[in-house]
Amino acid sequence: MCGTDAPISATQMLGEVSRLLKPGGTYMLITYGDPSVRMLHLNRPAYNWKIALYIIPRPDFKGPAGGSSMKSYLEPILMTEKGLLPPGFVLEDPESHYIYVCEKIDETELPTYPLTANVL
């Protein structure tokens with residue numbers, strides 16, 4: 001996702017990942033690329049992905065007061081409809097790792113209902 005042909009290469013690579021994943025399959029991307037850059041590539045309707053974002057600071061990161069944050073990094077970050085960080089979100093460590101967990105969904109599947117006498 002870096003370099004002069006990044007948009008084309010990323011589209012080709014992510015298209016193949018999406019094609020190979022079955023519904024329910026998971027693709028994980030661990031990167032330094034923040035959502036303002038990566039979500040442009042990941043959030044395409046053709047991929048049919050539900051995306052969860054986790055932000056993990058460096059292990060040795062110390063907050064402004066010299067201590068580590070009490071916030072849980074095991075919970076995903078709630079993103080906006082456009083797949084970006086919410087307004088006012090404060091990124092504690094600018095050199096964090098971003099973990100994008102993309103679960104393949106199948107929007108064409110219709111719910112199934114058991115047949116009963118009152119349906120017939």
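Colleague: How many aromatic pairs does a search of the whole structure find?
Modeller: Two. Rings of Phe, Tyr and Trp (its six-membered ring) pair if their centres lie within 6.5 Å. Planes under 30 degrees apart count as stacked, over 60 as edge-to-face, the rest as tilted.

Colleague: How are Tyr47 and Trp49 arranged?
Modeller: Tilted, at 4.9 Å centre to centre with 35° between the planes.

Colleague: Are Tyr47 and Trp49 buried or exposed?
Modeller: Both are buried, meaning under 20% relative accessible area with a 1.4 Å probe, protein chains only.

Colleague: How far can I trust this?
Modeller: This is a predicted model, where local features need pLDDT of at least 70, side-chain atom pairs count only at pLDDT 80 or more, and totals for chains, interfaces and linings use all residues. Numbering runs from 1 along each chain as its sequence is written, and side-chain values use heavy atoms, without hydrogens and water.

Colleague: Which residues touch the most others in the largest nonpolar core?
Modeller: Tyr27, Leu42, Trp49, Ile51, Tyr100 and Cys102, out of 16 residues. Such a core is a set of buried Ala, Val, Leu, Ile, Met, Phe, Trp, Tyr and Cys residues joined through side-chain atoms within 4.5 Å.

Colleague: Which element gives the largest share?
Modeller: Strand 2, with four residues. Strands (E, at least two residues) and helices (H or I, at least four) are DSSP runs, numbered from the N terminus.

Colleague: And the overall pattern along the sequence?
Modeller: It reads α-β-α-β-β.

Methods
Buried < 20%, exposed > 50% of the residue type's maximum accessible area, 1.4 Å probe, protein only.
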